[in-house]
Protein chains: 2
Amino acid sequence: MSRWAVVLAGGVGSRFWPLSTPARPKQLLPLVTAQPLLADTLRRLGPLVPAERTLVITNATLAAAVAKLLPALPAKNIVAEPKSAGTAPALAWAAAEVARRDPAGTMLCVHADWAIGDDAGFRAALERAAEAAESQRALVTVGVVPTRADPGFGYIRPGAPVAPPARTVERFIEKPDRATAARLLEEGCLWNSGIFVWRADDFLAEVRARCPEVAPALPHAEQGALRAFFEGCRPISVDHGVLERSAKVLVIPGDFGWDDVGTWAALHRVRARDGSGNAAAGDAHLVESHGNVVHADGHTVVLYGVDDLVVAARDGVTLVTTRERAADLKALVDALPPEVRDR
Amino acid sequence: MSRWAVVLAGGVGSRFWPLSTPARPKQLLPLVTAQPLLADTLRRLGPLVPAERTLVITNATLAAAVAKLLPALPAKNIVAEPKSAGTAPALAWAAAEVARRDPAGTMLCVHADWAIGDDAGFRAALERAAEAAESQRALVTVGVVPTRADPGFGYIRPGAPVAPPARTVERFIEKPDRATAARLLEEGCLWNSGIFVWRADDFLAEVRARCPEVAPALPHAEQGALRAFFEGCRPISVDHGVLERSAKVLVIPGDFGWDDVGTWAALHRVRARDGSGNAAAGDAHLVESHGNVVHADGHTVVLYGVDDLVVAARDGVTLVTTRERAADLKALVDALPPEVRDR
């Protein structure tokens, strides 16, 4: 009945173009510290869970890069999804894996690509969540105390206290508009962060009972048949497929500088800033410039007399945009010719 | 009594950093067309003067690059100044060289690093200037009809008509403040462009009579002793050292889209612009961006949702500034660490 970490590291995406590529997505980029986000994540969990009890769920494209980045991680702890099917199948597979090795094990589920301002506070919240999960036999989600009315997240409205600080979940709320987000903030709702803690067997029981998209494939997971399992699942998120359908969900609040680092502009929040409010990394030289985000990877970037830009450069290509526009790079990347986009 | 071209190509400078370097100054950069400015200059003069009668005055650092760029130019027509001494010694040396080869030759003197919008108009103005110089035995300067009240140039106030369109010069006016520049524009003053036309022997006579900084060294020039000549001169410009002291100067107006391409921002005037007012060259991709100048040399540049910037990139380094700030890069370049500045 040990605690296990399950790190979801399968993400792809273009929000950190031109640095992020299919072969080097966000979680493998050193966006916040000098280490890639995935390495930061394991370092952060280290005092709570050793590498032997850490599972990293990734995909076939990235498995070798993950293994290289995390030499302390046993090879069998890297799970390469044969196809992307959402978080419910990924966590069900991980639960079956934990249950096989440790029938009463608890899973601390996190994503590989977050920034956390207060690592100790993060670990303390995971421990409180694990205590609630184990004592109440509940599926516990950590709701992050919001710092702004952000329409980019789902929200959780907490209900009655159960085992303080744990409360029931009155309602999961999909990404709201900006005005609704402001109201939810005032009313004490929490961000649905994607931090989940539960006993593997409890989660598997809820999947079996509530999630027909995954349940029929569970015998494959119990037998360790990876490909058959994922081919037997219909894609669905754990929120839609399990949590919103379950009566066993509790929420505890967390306040530890969580940031999902969703865009280049987010680096302005999570990185150390210089006296002029610039968040720069790499060989960057900023003169009479304010409020910029610069990421210079193997290429020198010089800014002179410019404000609130995002400049991201690597060998061969430089992107110049604004912090505001950086929130929506997909439209840009789709507009670029393939030979530039996929460079 | 042929006509010769004398092209001043010794300039150095940091105004096109990071593209311009001591080994590759502005005149060797393809800033306006796909060819370096110096090559543009010789192509433009071609219908007027063959390569055999074209002298290029440069410095020892650049002589090999100039020879490589201009294979049609006879090696003896490249003059490598042993030290920079201003335009009076450079043109005096060129005059002595022309006079040795062609005692009644006329020199059409231009700089290697200009943009010209109307090549035929430029050549026609040089021909008119040559006719005036030869018939009046005068030192003729082509005054460019100003298109804006620019405080960055010296001005010429024309005087009485002599041999139309040639007029006397009432006064040379140093770089004015902005208000004075506006007044000079209204009063019909012309930009002192640095386009000079005269017989070599007439210019040498004026140097001998008016320019003690250069005159004592002239015997070295007549004997072809390059180093001795330049070491014997005190540095001085042809404007201060000869023209402002001479009674034999005439001016003719010229209107042919002359631009001295003084800064990155000037490229916005002299380059073709896209429908959004961007002047871009190289592998540049601009999306929802307006009024920018982009120069991408061996590096891809992508702009998204930004306006009125200058982005200049080459292998290894990208500069991001504004069109306004690009007028004053010296302060920036001085602020950079040497390993960045001199990369």
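**View 1. Lys26(A) and Asp113(A) form a salt bridge, with 3.2 Å between their closest N and O atoms.** Lys26(A) sits in the loop between strand S1 (3-8) and helix H1 (37-45) of chain A, and Asp113(A) in the loop between strand S4 (106-111) and strand S5 (115-116) of chain A, so the pair ties together parts that are 87 residues apart in sequence. A salt bridge here is a side-chain nitrogen of Lys or Arg within 4 Å of a carboxyl oxygen of Asp or Glu. Helices (H or I, at least four residues) and strands (E, at least two) are DSSP runs, numbered from the N terminus. Lys26(A) is buried at 11% relative accessibility, and Asp113(A) is buried at 18%. Buried means under 20% relative accessible area, exposed over 50%, and partly exposed in between (1.4 Å probe, protein chains only).

This is a predicted model: local features need pLDDT of at least 70 and side-chain atom pairs count only at pLDDT 80 or more, while totals for chains, interfaces and linings use all residues. Residues are numbered from 1 along each chain as its sequence is written, chains are lettered from A and ligands numbered from 1 in the order in which they are written, and side-chain values use heavy atoms, leaving out hydrogens and water.

**View 2. Here Arg210(A) and Glu206(A) form a salt bridge within one helix.** Their closest N and O atoms are 3.5 Å apart. Both residues belong to helix H6 (residues 200-210) of chain A, four residues apart, about one turn of the helix. Glu206(A) is buried at 5% relative accessible area, whereas Arg210(A) is partly exposed at 34%.

**View 3. Now look at Arg325(A) and Glu288(B), whose side chains meet in a salt bridge (2.7 Å, N to O).** Arg325(A) lies in the loop between strand S15 (317-322) and helix H11 (329-335) of chain A, and Glu288(B) in the loop between strand S12 (279-287) and strand S13 (293-304) of chain B, so the pair joins two chains. Arg325(A) is partly exposed at 28%, and Glu288(B) is partly exposed at 47%.

**View 4. The charged end of Arg44(A) sits over the ring of Phe122(A), 5.9 Å from its centre.** A charge sits over a ring if NZ of Lys or CZ of Arg is within 6 Å of the ring centre and within 35 degrees of the ring normal. In chain B, the charged end of Arg100(B) sits over the ring of Trp93(B), 6.0 Å from its centre.
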